[in-house]
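Subject: Structure handover

Hello,

Here is the structure for your files. Please open it alongside this note.

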Amino acid sequence: MPMSIRPPKQLSDAAQDPLAAALQHEAMAEKAGTLARLTGKLEAALAALAETEARLAAAGDDVPRLEARREERLALAGEALWHVVIQRELCGLRRHGAFLDHMGVPKPVRLRMGPAVIPAKG
């Protein structure tokens, strides 16, 4: 019996249907755009955290307020990282180590990756 070889279904469907290929291209472009926006938010959160840590290192009397601010910014940076990692995985990017090193994500932020839990003020 002769053996036939077929391309994977993903490739054969896109090759036969130009509308599906265009839709798939548009979806991937939207995912990439979202990833870029989320990465920008992560960069801003990391910069805000670094600024707070620098103030804390040079602080005199205002240490408790700055420590609370640092915890809040650490939680927000962890949440921003969580969003970026989820979007990277949706784009098919499964290995995050080199990305995290390139972005300079500190270990405390990596450990806080997930939804931000910020205590209520009052």
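The protein chain has 5 helices and 0 strands. Helices (H or I, at least four residues) and strands (E, at least two) are DSSP runs, numbered from the N terminus. Read from the N terminus, the elements run α-α-α-α-α.

This is a predicted model: local features need pLDDT of at least 70, side-chain atom pairs count only at pLDDT 80 or more, and totals for chains, interfaces and linings use all residues. Residues are numbered from 1 along each chain as its sequence is written, and side-chain values use heavy atoms, with hydrogens and water left out.

**Confidence**

pLDDT is the predictor's confidence in each residue, from 0 to 100. The protein chain averages 88, and 84% of the residues score at least 70. Confidence is lowest in helix α1 (residues 9-16), at a mean of 58. It is highest in helix α5 (residues 107-111), at 97. Where pLDDT is low, the predicted coordinates should not be read in detail.

Buried means under 20% relative accessible area, exposed over 50%, and partly exposed in between (1.4 Å probe, protein chains only). Of the 122 residues in the protein chain, 25% are buried.

L42 is in helix α2. Its relative accessible area is 0%, so L42 is buried. L42 and H83 are 41 residues apart in sequence, with 8.7 Å between their C-alpha atoms.

A45 also has its place in helix α2. A45 counts as buried because its relative accessibility is 14%. From A45 to A77 the C-alpha distance is 5.0 Å, across 32 residues of sequence.

T52 lies in helix α2 (residues 18-57) too. T52 is buried, with a relative accessible area of 1%. T52 and E67 are 15 residues apart in sequence and 8.6 Å apart in space, C-alpha to C-alpha.

**Salt bridges**

Side chains of opposite charge can pair when their charged atoms come close. A salt bridge here is a side-chain nitrogen of Lys or Arg within 4 Å of a carboxyl oxygen of Asp or Glu. By this rule the count comes to 7 salt bridges. Here are some of them.

E71 pairs with R112, and their closest N and O atoms are 2.6 Å apart. E71 lies in helix α3 and R112 in the segment after α5, so the pair ties together parts that are 41 residues apart in sequence. E71 is partly exposed, at a relative accessible area of 35%. R112 is partly exposed as well, at 36% relative accessibility. Both belong to a network of salt bridges that links E53, R70, E71 and R112.

D101 and R110 meet in a salt bridge at 2.9 Å, N to O. D101 is exposed, with a relative accessible area of 53%. R110 is partly exposed, at 31%.

E30 forms a salt bridge with R37, with the closest N and O atoms 3.6 Å apart. E30 is partly exposed, at a relative accessible area of 46%. R37 is partly exposed, at 49%.

**Rings and the nonpolar patch**

Which residue lies over the face of F99? R88 does, at 4.5 Å from the ring centre. A charge sits over a ring if NZ of Lys or CZ of Arg is within 6 Å of the ring centre and within 35 degrees of the ring normal.

W82, I86, L90 and M113 form a nonpolar patch on the surface. Together they have about 340 Å² of accessible area. Such areas come from the Shrake-Rupley method with a 1.4 Å probe; for residues, only the protein chains shown count as cover. Patches are made of residues with over 30% relative accessible area and no salt bridge: like charges are joined within 9 Å, nonpolar side chains (Val, Leu, Ile, Met, Phe, Trp, Tyr) within 5 Å. W82 has its place in helix α3 (residues 63-90). W82 is partly exposed, with a relative accessible area of 31%.

Best wishes
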